[in-house]
Amino acid sequence: MEEEPLRLPRDMRLILHEMARDEDITPGQLVRRLISKEISRRLNARPPDRADEQLVAPLRARLAPDLSEAPTWQDLHVRLRDKGFELREAGGGLALHAFPDGRRICKASDLGFGYSRLMRRIGAPFPGHRHRSLTDRVLPTPEQDPEMDDHVFEVMKTP
């Protein structure tokens with residue numbers, strides 16, 4: 001092994017020694033293990049999931065009116081289907097897929113219409129979306145918007 005001098009602030013050094021003592025290893029072993037994990041994480045990281053801008057630009061122009069004007073998720077669903085597309089849940093957001101073959105094309109945010117933006121504009125979460133924590137952060141609560149109690153959240157059924 002080769003030596004690599006490492007300068008640490010006093011509080012960080014004390015915590016390092018405490019963590020190493022708790023695991024019954026030397027501070028050097030702990031640092032080597034942490035560095036090894038970080039190297040592995042970086043080497044195995046997925047490449048960014050970026051859509052091809054040459055593909056996205058014409059789609060953005062074609063779908064922007066629908067994404068910006070549809071008053072409900074159901075209306076947006078119909079508009080997109082009429083053009084051969086559909087939105088589907090993708091992690092904490094939405095992705096555009098070809099319809100009917102289901103081929104993923106890009107993230108909704110690549111089109112300039114991220115899930116938060118669409119949810120805020122439509123006033124409801126995407127039907128069946130599992131990530132409800134975003135809903136709590138994006139949509140107003142009844143205390144913030146007294147009229148919210150009157151909102152009816154639709155359920156969209158896909159064939």
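Mentor: Start with Asp24, which sits in the loop between α1 (10-23) and α2 (27-43). The model is predicted, so local features are reported only at pLDDT of at least 70 and side-chain atom pairs at 80 or more, while totals for chains, interfaces and linings use all residues. Residues are numbered from 1 along each chain as its sequence is written, and side-chain values use heavy atoms, without hydrogens or water. Helices (H or I, at least four residues) and strands (E, at least two) are DSSP runs numbered from the N terminus.

Asp24 has a phi near 60°, a positive value in a residue that is not glycine. Most residues other than glycine have a negative phi. With a relative accessible area of 70%, Asp24 is exposed (over 50%; buried is under 20%, partly exposed in between, with a 1.4 Å probe).

From α1, the contact (heavy atoms within 4.5 Å) is made by Leu16, His17, Met19, Ala20 and Glu23. Pro27, Leu30, Val31 and Arg33 contribute from α2. Sorted by type, the residues of this contact of α1 with α2 comprise six nonpolar, one polar and two charged. (Ala, Val, Leu, Ile, Met, Phe, Trp, Tyr, Cys and Pro count as nonpolar, Asp, Glu, Lys and Arg as charged, the others as polar.)

Now the wider setting. The protein has six helices and three strands, and from the N terminus the order of elements is α-α-α-α-β-β-β-α-α. Of its 159 residues, 30% are buried. Among contacts between residues at least 6 apart in sequence, 43% join residues at least 24 apart.

The axes of α3 (residues 53-69) and α4 (residues 73-82) come within 9 Å and cross at roughly 165°. That makes α3 roughly antiparallel to α4. On the α3 side, Leu63, Pro65, Asp66, Leu67 and Glu69 make the contact, and on the α4 side Leu76, Arg79 and Leu80. Five of the residues in this contact of α3 with α4 are nonpolar, none is polar and three are charged.

Pro58 belongs to α3 and, at 48% relative accessibility, is partly exposed. Its C-alpha lies 9.6 Å from that of Leu111, although Pro58 and Leu111 are 53 residues apart in sequence. Arg81 is part of α4 and is buried, at a relative accessible area of 17%. The side chain of Arg81 makes a polar contact of 2.8 Å with that of Glu86 (N or O atoms within 3.5 Å, one able to donate a hydrogen and the other to accept it; sequence neighbours count only through side-chain atoms).

Further along, Pro100 lies in the loop between β2 (93-98) and β3 (104-107). The peptide bond from Phe99 to Pro100 is cis, with omega near 15°, whereas most peptide bonds are trans.

Tyr115 lies in α5 (residues 115-122) and is buried, with a relative accessible area of 4%. Beyond its neighbours within four places in sequence, Tyr115 contacts Trp73, Gly92, Gly93, Leu94, Pro125, Phe126, His129, Leu134 and Thr135.

Key
Axes fitted to C-alpha atoms, helices over the stretch in contact; angles between N-to-C directions. Parallel < 35°, antiparallel > 145°, perpendicular 65-115°, else oblique.
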